[in-house]
Amino acid sequence: MSRRLVLAAAQLGPIQKAEGREVAVGRMVRLMETAHRRGAEVVVFPELALTTFFPRWYEEDLANADHWYETALPSNATAPLFAAARTYGIGFHLGYAEKTPEGRRFNTAVYVHPSGEVVLKYRKVHLPGHKEYDPQRRVQHLEKRYFEVGDLGFPVVRAPVGETQVNIGMMICNDRRWPEAWRVLGLQQVELVMLGYNTPSLNMENRGFEAHHLRVFHSHLSIQAGCYQNACFAAGVAKAGDEDGHELFGHSIIVNPQGEIMAQATSWGDELIVAECDLGMCELGRKTIFDFARHRRPEAYGRITAQTGSVAPPAWAPRG
């Protein structure tokens, strides 16, 4: 039996610091309306889709940042998204800043069924940036200040998307650059990776000397390689454009299990891209070159989980 789904990636243009959630949510609801008209069964929104990318702003007292976080879903502000999902029968992926009842803070994403039930939650594992204010940086990247490392691992769940049962997993932004994250999902037979990001056009760690086209290339390369090496589809969905003077590069994509880009955003604004995904494509890689049961050799990979920083190899010395 053919297993197909119509997947939409809903890129968002910039969200300014002064704009409230109702502005972002209104734009997202309009994108869901467009997705419905185009036959989509699931819509993937970016990382931190409800606010500006606030980790660029330093707060000495974390309590002053509380207004960026969600303490419950749905909230009054996000209720229109859940209502639109019910109206149109569309599931959606949402990235947001989460503050738990215990006061813990995470960069989080959820997949929500059209009924409004949260099917899967993921908390970002690979937090980039730094924790304290860095006077050498023109733009701060304080994810390590505002978020804890995710504590849910990389879960996969088999859940309905439209009429089709799909093995769903999630990543957030920097996770896409780490092959270990893709492989953990692949070992659970993931078929669709939902991935939101907010990536600046300039790499401030390199003081802006990484070419813009390489920023986009490296993002696409990571997603395409992850899909190919783990025989899955992915929607890599961005925020784009100028947020309060800080450029995000966009270039949202949908990728198939051969690593091919099926659809790509071409603007720096709100834009919906759609692709019909034949989940049967996942079987080719899974049964041939990436048949893990036949070909993986975990006894040779111990260094992957035993070590964090790299170490220099021993020096060769000639005999005698």
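Q: What makes Glu-19, Glu-22, Asp-242, Asp-244 and Glu-247 a negative surface patch?
A: This is a predicted model, and the five names are Asp and Glu residues, which count as negative. Patch members need over 30% relative accessible area and no salt bridge, with like charges joined within 9 Å. Glu-19, Glu-22, Asp-242, Asp-244 and Glu-247 form such a patch.

Q: Why is Asp-244 called partly exposed?
A: Its relative accessibility is 32%. Buried means under 20% and exposed means over 50%. The value falls in between, so Asp-244 counts as partly exposed.

Q: Where is Asp-244 placed?
A: Asp-244 sits in the loop between β10 (240–243) and β11 (246–249).

Q: Why does Leu-272 count as buried?
A: Leu-272 has 9% relative accessibility. The cut-off for buried is under 20%, so Leu-272 counts as buried. The residue belongs to strand β14 (residues 271–278).

Q: How far apart are Leu-272 and Ala-10, in sequence and in space?
A: In sequence, 262 residues separate Leu-272 from Ala-10. In space, their C-alpha atoms are 4.6 Å apart.

Q: How many helices and strands are in the protein?
A: The protein has eight helices and 14 strands.

Q: Why is the protein called as compact as a globular protein of its length?
A: Its radius of gyration is 20 Å. The globule rule gives 20 Å for 320 residues. The two values are close, so the protein is as compact as a globular protein of that length.

Q: What share of the residues counts as buried?
A: Of the 320 residues, 51% count as buried.

How values were computed. Residues numbered from 1 in each chain as written. Predicted model: local features only at pLDDT ≥ 70, side-chain atom pairs only at ≥ 80, totals over all residues. Heavy atoms only, no water. Patch = residues over 30% accessible without salt bridge, like charges linked within 9 Å, V, L, I, M, F, W, Y side chains within 5 Å. Areas by Shrake-Rupley, 256 points an atom, 1.4 Å probe, with all protein chains shown as cover. Salt bridge = Lys/Arg side-chain N within 4 Å of Asp/Glu carboxyl O. Charge placed at Lys NZ, Arg CZ, Asp CG, Glu CD. Helix = DSSP H or I, 4+ residues; strand = E, 2+ residues; numbered from the N terminus. Buried < 20%, exposed > 50% of the residue type's maximum accessible area, 1.4 Å probe, protein only. Rg over C-alpha atoms; globule rule 2.2 N^0.38 Å.
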